[in-house]
Amino acid sequence: GLGGTLGWALAVNAALIAAGLDQTALHVAQRATSRSSAIALLLAIGVIAPHLLARPQSFSIALLPLALLCLERARGRLWLPLAYGLLIAVWANLHGAFVIGQLAAAAAFIGSGFDRRSGPMIMALTALLALVAPLANPAGPALLAYAFTQPASDVIRAISVEWQPAWPWIPVATAFWAYLLLLVPGRLAPPRGRPGELVLLLLLALLAASSIRHIPWFVLASGPLLASDVDRMLAARPSLGRAIGQVGGPLGDARARIMVGAALGVTLVLQPIRP
């Protein structure tokens, strides 16, 4: 019945969200201590909580962190283009935000020009396959035309508030702007982070500002930089670090895991009752 269908939908959605946050946690943990990673993840969950709903968008919440991990861990690997192309092909048959995966590959290629260890030729082929891989779908080229033009459609913006600009005074977007302001000071100093990563975050920030729907992609991609900024802040302010305390283990001790788990649990429980 309807109840059973709703239950399965919520269960699948919860699994997709958990997978996306788990991949994000792995990405963040590569760049910062456990304590800073836990803080950054709690902030990220707080910002994207309104976007964690039982809907097809959850496929992208699970797949974007996986794509970013793939681009970071497999830089220069000969198998990266084929693996990433396959990922984008699957993504294109699940949700329209596969365009963000294409954008990530293009940004990684741009960044590889500043770091020869990334293998510019391999990254170029990866970006190329990411561009054409979505053609492997029942709609063919029409899917690309739809996905690329949807954000600029006046009709879409008129019928869906999600595609309207993320003005700071809109409650669902206010947290995004506060989160963005946390990242700005670290970017005004000498550049930190890989060039491709900075290019991607700039593009995703512009997309998020232009449309509420794009806020999660910026938050998921920027977690590692925020965690590294928290690391530097705590190192510069030992008294603050002592007040927060230490966190042991990959994602913290039992208390830290309870905090992250409780935040995620509240997010999932609230899904059925949100209008």
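User: Where does L135 lie?
Analyst: L135 is in the loop between α6 and α7 (141–149); helices here are DSSP runs of H or I, at least four residues, numbered from the N terminus. This is a predicted model, where local features need pLDDT of at least 70, side-chain atom pairs count only at pLDDT 80 or more, and totals for chains, interfaces and linings use all residues. Residues are numbered from 1 along each chain as its sequence is written, and side-chain values use heavy atoms, with hydrogens and water left out.

User: Is L135 buried, partly exposed or exposed?
Analyst: L135 is partly exposed, at 39% relative accessible area (buried is under 20%, exposed over 50%, partly exposed in between; 1.4 Å probe, protein chains only).

User: Switching topic: how many aromatic pairs?
Analyst: Four. Rings of Phe, Tyr and Trp (its six-membered ring) pair if their centres lie within 6.5 Å; planes under 30 degrees apart count as stacked, over 60 as edge-to-face and the rest as tilted.

User: Why is the pair W167 and W169 stacked?
Analyst: Their ring centres are 5.4 Å apart and the planes are at 0°, so the pair counts as stacked. W167 is partly exposed at 44% relative accessibility, and W169 is exposed at 65%.

User: And what about F176 and W177?
Analyst: That pair is edge-to-face, because the ring centres are 5.1 Å apart with planes at 65°. F176 is buried, with a relative accessible area of 1%, while W177 is partly exposed at 25%.

User: Which residues form the aromatic cluster?
Analyst: F176, W177, Y179 and F218 make up one cluster.

Methods. Helix = DSSP H or I, 4+ residues; strand = E, 2+ residues; numbered from the N terminus.
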